[in-house]
Amino acid sequence: MANIQSSEKKNRQRIKHEARNASQKSAMRTAVKKLRAAIAAKDSKQTDALLKEATKLIARLGGRGVIKPRTASREVSRLTVAAKKPKA
């Protein structure tokens, strides 16, 4: 347990940051799951709307350091390719 005032404060901040990051990652995963479900259902209108929402969310988290920027870029790329595949 921290005894120094600055380390106690840093610990409080860490707890808040971890909770916020976990919540945002969970929201991202949910958005990706919804998008993948729409892609599987071949619902193009819903896919386009969900793709826009998911890419926006992933890019924001990558920019803020919740996930690594290259990971964010890779996720967006893979989701875009999957969503834009010809529906045959």
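View 1. P69 is exposed, with a relative accessible area of 56% (exposed means over 50%, buried under 20% and partly exposed in between, for a 1.4 Å probe and protein chains only). The model is predicted, so that local features need pLDDT of at least 70 and side-chain atom pairs pLDDT 80 or more, while totals for chains, interfaces and linings use all residues. Residues are numbered from 1 along each chain as its sequence is written, and side-chain values use heavy atoms, with hydrogens and water left out. P69 has its place in helix α3 (helices are DSSP runs of H or I with at least four residues, numbered from the N terminus). Between P69 and L50 there are 19 residues in sequence and 21 Å in space, C-alpha to C-alpha.

**View 2. The packing of α2 against α3.** The axes of α2 and α3 lie 8 Å apart, and the helices pack at an angle of about 170° (axes are lines fitted to C-alpha atoms over the stretch in contact, with angles from 0 to 180 degrees between N-to-C directions). The two helices α2 and α3 are therefore roughly antiparallel to each other (over 145 degrees; under 35 is roughly parallel, 65 to 115 roughly perpendicular and the rest oblique). From α2, the contact draws on T47, D48, L51, T55, I58 and G62; from α3, it draws on P69, A72, E75, V76, L79, T80, A83 and K84 (contact means heavy atoms within 4.5 Å). By class, the contact of α2 with α3 comprises seven nonpolar, four polar and three charged residues (Ala, Val, Leu, Ile, Met, Phe, Trp, Tyr, Cys and Pro are nonpolar, Asp, Glu, Lys and Arg charged, and the others, Gly among them, polar).

View 3. T55 lies in helix α2 and counts as buried at 18% relative accessibility. Leaving out residues up to four places away in sequence, T55 touches V76 and T80. I58 is also found in helix α2, where its 1% relative accessibility makes it buried. Apart from neighbours within four places in sequence, I58 is in contact with M28, V32, I67, A72, E75, V76 and L79. The C-alpha atoms of I58 and A31 are separated by 9.3 Å, although these residues stand 27 residues apart along the chain.

**View 4. The crossing of α1 and α2.** The axes of α1 and α2 come within 9 Å and cross at roughly 155°; α1 and α2 are therefore roughly antiparallel to each other. Their crossing is left-handed (the near helix is turned anticlockwise from the far one by less than a right angle). Helix α1 contributes Q24, K25, A27, M28, A31, V32, K34, L35, A38 and I39 to the contact, and helix α2 contributes Q46, T47, L50, L51, A54, L57, I58, L61 and R64. The contact of α1 with α2 has 13 nonpolar, three polar and three charged residues.

View 5. R29 is found in helix α1 and is partly exposed, with a relative accessible area of 48%. The C-alpha atoms of R29 and A54, 25 residues apart along the chain, are separated by 9.0 Å. K42 lies in the loop between α1 and α2 and is exposed, with a relative accessible area of 51%. Phi of K42 is near 60°, a positive value in a residue other than glycine. Most residues other than glycine have a negative phi.

**View 6. The meeting of α1 and α3.** Helix α1 (residues 5-41) and helix α3 (residues 69-84) have axes that come within 10 Å and cross at roughly 20°. These helices, α1 and α3, are therefore roughly parallel to each other. The passage of α1 by α3 is a left-handed crossing. V32, L35, R36 and I39 in α1 meet E75, L79, A82 and A83 in α3. In this contact of α1 with α3 there are six nonpolar, no polar and two charged residues.

**View 7. The largest nonpolar core.** The largest nonpolar core has 16 residues, and those with the most contacts inside it are M28, L35, L51, I58, L61, I67 and L79 (such a core is a set of buried Ala, Val, Leu, Ile, Met, Phe, Trp, Tyr and Cys residues joined through side-chain atoms within 4.5 Å). Helices α1, α2 (44-64) and α3 each supply at least two residues of this core, and α2 gives the most, with six residues. L35 touches T47, L50, L51, A54 and L79, not counting residues up to four places away in sequence.
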